[in-house]
Amino acid sequence: MANQTTSTNKSKSESEQIKTPKPKAKKLTTRSNELLAIDKDGLKASIINHLEFTCGKDEFSATKLDRLKAVARATRDRMIERWLETQRTYHQQDVKRVYYLSLEFLIGRTLGNALLNLGIYDEVNQACKELGMGLDELEEVEVDAGLGNGGLGRLAACFLDSMATLELPAYGYGIRYEYGIFYQRILDGYQAEMPDNWLRHGNPWEFEHAEDLYPVHYYGNVETIENGSTRYKWVNTEEVVAMAYDMLVPGYKNNTVNNLRLWSAKSSRDFLFDEFNAGDYEKAVAHKNNSEVISKVLYPNDTRYTGKELRLKQQYFFVCATIQDAIRRYQHDHKEDNFKTFTQKVVFQLNDTHPSIAIPELMRVLMDEHHLSWGDAWEITVGSFAYTNHTVLPEALEKWPVALIEHVLPRHMQIIYEINRQFIEFVKANYPNDIYRLRRMSIIEEAQEKMVRMSNLAIVGSKKINGVAALHTRILKNEVFRDFYELYPDRFNNKTNGITYRRFLIHANPPLTDLINKTIGTDWEFDLAKLSALGKVAKDEKFQKEWLKTKHDAKVKFAAYIKEQFHFDVDPNSLFDFQVKRLHEYKRQLMNALHVITLYNRIKKNPKAKFVPRTVFFGGKAAPGYFMAKLTIKLINSIANVVNNDPDVAGRLKVFFLPNYCVSLMEKLLPASELSEQISTAGMEASGTGNMKFALNGALTIGTLDGANVEIMEEVGKPNIFIFGHTDAEIAEIKKAGYAPMDYYQANAELRAVIDSIAHGTFSPEKPDLFMPIVSALLYEGDRFFVMADYEDYIRCQDEVSKTYANPKKWAEMSIHNVAKVGKFSSDRTIREYAEEIWNVKSTKVELK
């Protein structure tokens, strides 16, 4: 019968075969409707399905981790359909896409945020209950993703959320760190760094794309090829392979699901079998180990040459793979146009200087691989990049030794030299005979060791440069990059940072969210500015009582958490005072510690006096090689050891350092927070976003006029914030006049007593001189961060805080006004400004078929 059918087919004419319509392909379905349903019963079925067929467990053998994975997979299933449709829509409409390049994405935990954005949190919660699971417990099983450290990474994560919520065609690109930065423990008061093995149980949210592999090259040399025109070829390189992993990012209650693409380093030669057979087992796997170390750890210690080299290799690794991925996607629809519409379809946003090596990399790809002229390649490059600056501190403006780049990336150093040569000629033409300006603006710093100024490279190679707060941008224009602003005034703009309030209020603080919704409705969940309606009830005594009760309940809950996790008792009736952020001298955790000692000294001097009880919480990680920051952690814990164990204090003052500060811990402490310490030296904090998260949850800010504090004060009003200290302009005047910190020490008896107690070993009796480096920095080494100058006004302001806290009605009114006036600080607003004023990218509606 089969032979007869074949014979019959062969007898048909060719024309008949062509005209014969092909049977329609049956539409592929990956899940039954039941397993994609978003009602409670459909979700239950999906969770059970994954528990059995993904985890290989049943209700009797499943662990909490198995249950978490089942719920995560069921949740991810409901994102996949939207994700695929999102990508199809972008392709079909040939949209312009944003590639957000960041070395950090501090995304925290994924489950709760995904459920919230998909609009199925309550349904999943109920499904879990009926299956004998507690969703709250499962959320606690999930570990924070080890993909970031500080505000830079958290901002990037907020931006991903807002880009999806605003339906923008955008992708995050970074590195899939195997061990994050480190897991912080406190041992004998010191920070101890442990591996953050966040992937040890796998990551149920990611898709591994073994088919998406890109080569990344290092070292070697450059050959010149003369064939009518001069071309260059990078040869004799060492190759590493970048493999893609995608994590899905759903928008809030829409159909858009974008993705964060993370690169993992793989060896191009996994195993040298001949070496293994010869008995050289280490050499057999050496290349694999040397290659894959690139994506092991975030911010390897760069106090040594090997650390610097690894950091540079990391930065190049992820931008090289990202540019290949972007060009692949672009050429899929524009293969024949020779990059003529590239800038209309692609924009790269550099999140600080870490990815700025992407500028010479794109030049290299366009010229060496696609044979564009220098002029055409440069026009495309500048038109494709935008650069966000996050710091004004000179030591944080990244520089790389020329010799290091020549060794690791020789072709890129050639390109940087040529970019600089042409740029210097341009500056000369605009400012003839100004040799000092040329030196300041040159990408190459002609010091004892030649350095490449990466911020200068980013400015020269980008169409737009932005600061992240109004004050920060003003300092960039008038001081840090003044020469560049005078040359390129149209390139500079401000984009004040924002936060995703959905995670940090709706998800982190359900009781306060419920109170707000009961009072003003739910429209604000889509537009944070509508929280302003709360201002109308700020003086309402009944509402104030509800507000204060909600806060007190949150404090009781947080106190129970501290007791359970750390066996430490805190009084929920005390003022909860928080300073949680990366440890750095300019953030002045030290000044907060001096205030604690001041309060302690006052209690010791007059034990029977009335004091407003206060619990001071610190938290944050210090870079492994940052001696002063790590010593400050030790000082804080030493102060805590004395204060917390002194019977004279009688619980009126307590100090606690929260180990391993992370996003999930921030979500726990925000509802309980009452005072937010934002006390950086004026003019040194670019923006800050912790200040916004605390204000959003009703904490009052004590702070300097620095970063976004200035704009928070403008929004909430001066009566509703505690401001102290010298302004950036006043600090500049003090510097000009000659700052003498010893004068402040001599003039203020309380300050003198505080410094003396540290110097004389009150908090380190076993080693009295332990903290002398801190004392020396304050008194004899210039007090670079003006702690001594601001101390007196800080103490005055803290006394005002205590006085106000003793008046609950006043405190409640101020707290309500803070929440009502934070609408400006939504990352949705920030991203909308990026899209309209920098990226020129439009929202793209995704419709599910």
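Predicted model: local features only at pLDDT ≥ 70, side-chain atom pairs only at ≥ 80, totals over all residues.

Guide: Now follow β13 to its partner. Two bridges join β13 to strand β14, residues 451-453, and the two run antiparallel. Find E445 there: the residue opposite is M451 in β14.

Now to the charged side chains. Across the whole structure, a search finds 55 salt bridges. Here are three of them, pair by pair.

Take D212 and R261. Their side chains meet in a salt bridge, with 3.3 Å from N to O. The pair links distant parts of the chain. D212 lies in strand β5 (residues 206-218), R261 lies in strand β9 (residues 257-267), and 49 residues separate them. Are these two buried or exposed? D212 has a relative accessible area of 16%, so it is buried, because the cut-off for buried is under 20%. R261 is at 5%, so it counts as buried as well.

Next, K809 and E541. This salt bridge also spans 3.3 Å, N to O. Again, distant parts of the chain are linked: K809 sits in helix α35 (residues 808-820), E541 in helix α24 (residues 541-566), and they are 268 residues apart.

Then comes R588 with D790. Their side chains form a salt bridge of 2.9 Å, N to O. R588 is in the loop between β17 (575-580) and α25 (589-605). D790 is in helix α34 (residues 787-805). The pair links distant parts of the chain, 202 residues apart. R588 has 0% relative accessibility, so it counts as buried. D790 has 1%, so it counts as buried.

Last, go back to D212 and R261. They belong to one network, joined by salt bridges that share partners. Its members are D212, D246, R261, D325, R328 and R329.

Terms used:
Residues numbered from 1 in each chain as written. Heavy atoms only, no water. Salt bridge = Lys/Arg side-chain N within 4 Å of Asp/Glu carboxyl O. Helix = DSSP H or I, 4+ residues; strand = E, 2+ residues; numbered from the N terminus. Buried < 20%, exposed > 50% of the residue type's maximum accessible area, 1.4 Å probe, protein only. Pairing = 2+ DSSP bridges.
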